[in-house]
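This briefing goes through a few local features of one structure. Please look at the sequence and the 3D view before reading on.

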Amino acid sequence: GHPGGKNHKVSQNTRKMMQSTVFTVLAIAAVAFGHPGGLECGTDATTRLKLGATVMSGPVIDGSVSDDGLDVSFKLGHDGEPSVVTVTVDKTVASAMFFAARISGGGTLAVTKGNPFLLETANCTSQIYTNITSIHGVYTFAAHGATPMSVVAVGYSATGPKGISLVSAKAEPPAPPSCTCINKPTCPPGHGAVESGNCGGHGQYTYYCCQ
């Protein structure tokens with residue numbers, strides 16, 4: 001055999017043990033520090049992103065937009081377009097925190113371009129999370145296949161008490177388009193549809209906009 005075969009085999013075994021130990025430590029760290037990347041996907045019935053569940057060794061409680069500075073909105077898309085979820089973190093109120101968002105009642109979530117700090121939960125199409133704590137700002141992502149029955153819940157936590165807070169948003173119907181081709185749009189009260197140029201492949205139709 002190879003003159004260093006025994007030592008080489010020991011070295012390989014040691015390396016595997018070290019790698020296993022590192023992975024175990026990372027897994028423990030994710031749980032111990034409450035990183036949302038360690039939150040399992042679950043189902044609508046088993047998810048822990050709901051009031052009364054236990055996360056980070058504490059209860060999931062109602063969040064306060066005014067006190068905590070985190071809010072969420074959820075607007076359905078027009079004619080098969082993706083719905084839009086917006087999470088706003090007010091830097092004047094909120095401290096640095098993680099958050100995880102999950103859709104229930106139908107639909108999937110997907111990270112869109114321009115959100116380098118959002119990740120999709122592994123092997124999960126219904127949950128995403130932030131991978132850093134300094135998340136002040138506005139974060140938008142897509143919801144595909146959402147219905148009027150869909151709900152997006154956002155769980156979040158800063159360094160402090162055990163457990164997490166939760167805010168949620170029901171799917172809102174899309175706002176009527178402000179401009180349409182051919183047919184006049186339905187405008188808000190006090191606004192009327194006026195001609196605003198031509199549209200269509202050859203400009204053969206009239207473009208109307210609410211003003």
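**Briefing on selected features**

Methionine 56 sits in the loop that lies between strand E1 (54-55) and strand E2 (58-62). The model is predicted.

**Positive phi angles**

- Most residues other than glycine have a negative phi.
- Methionine 56 has a positive phi, near 55°, and is not a glycine.
- Asparagine 123 is found in the loop between strand E7 (118-120) and strand E8 (127-130).
- With a relative accessible area of 84%, asparagine 123 is exposed, the cut-off for this being over 50%.

**The aromatic pair**

- The count of aromatic pairs is one.
- The pair is made by phenylalanine 99 and tyrosine 139, whose ring centres are 6.1 Å apart.
- The angle between the two planes is 70°, and the pair is edge-to-face, since planes over 60 degrees apart fall in that class.
- Phenylalanine 99 belongs to strand E5 (residues 97-104) and tyrosine 139 to strand E9 (residues 137-144), so the pair links distant parts of the chain, 40 residues apart.
- Phenylalanine 99 is buried, at a relative accessible area of 1%.
- Tyrosine 139 is buried as well, with a value of 9%.

**The four-stranded sheet**

- Four strands form an open sheet in the order E3-E4-E9-E6, and their pairing is antiparallel.
- Strand E3 (70-75) and strand E6 (108-111) are the edge strands, each pairing on one side only.
- From one strand to the next, the twist averages 25°.
- E6 and E9 run antiparallel and are joined by four bridges.
- Valine 111 has phenylalanine 141, in E9, as its bridge partner.

**Phenylalanine 141**

- Is phenylalanine 141 buried or exposed? Phenylalanine 141 counts as buried because its relative accessibility is 1%, and the limit for buried is under 20%.
- Leaving aside residues up to four places away in sequence, phenylalanine 141 touches several residues, among them Ser83, Val84, Val85, Val87, Ala101 and Leu109.
- Further contacts of phenylalanine 141 include Ala110, Val111, Thr112, Leu118 and Ile128.
- Phenylalanine 141 and phenylalanine 74 are 67 residues apart along the chain, and their C-alpha atoms are separated by 9.8 Å.

Note on methods
Residues are numbered from 1 along each chain as its sequence is written. This is a predicted model: local features need pLDDT of at least 70, side-chain atom pairs count only at pLDDT 80 or more; totals for chains, interfaces and linings use all residues. Side-chain values use heavy atoms; hydrogens and water are left out. Helices (H or I, at least four residues) and strands (E, at least two) are DSSP runs, numbered from the N terminus. Buried means under 20% relative accessible area, exposed over 50%, partly exposed in between (1.4 Å probe, protein chains only). Rings of Phe, Tyr and Trp (its six-membered ring) pair if their centres lie within 6.5 Å; planes under 30 degrees apart count as stacked, over 60 as edge-to-face and the rest as tilted. Contact means heavy atoms within 4.5 Å. Two strands pair if DSSP finds at least two bridges between them. Axes are lines fitted to C-alpha atoms, for helices over the stretch in contact, and angles run from 0 to 180 degrees between N-to-C directions.
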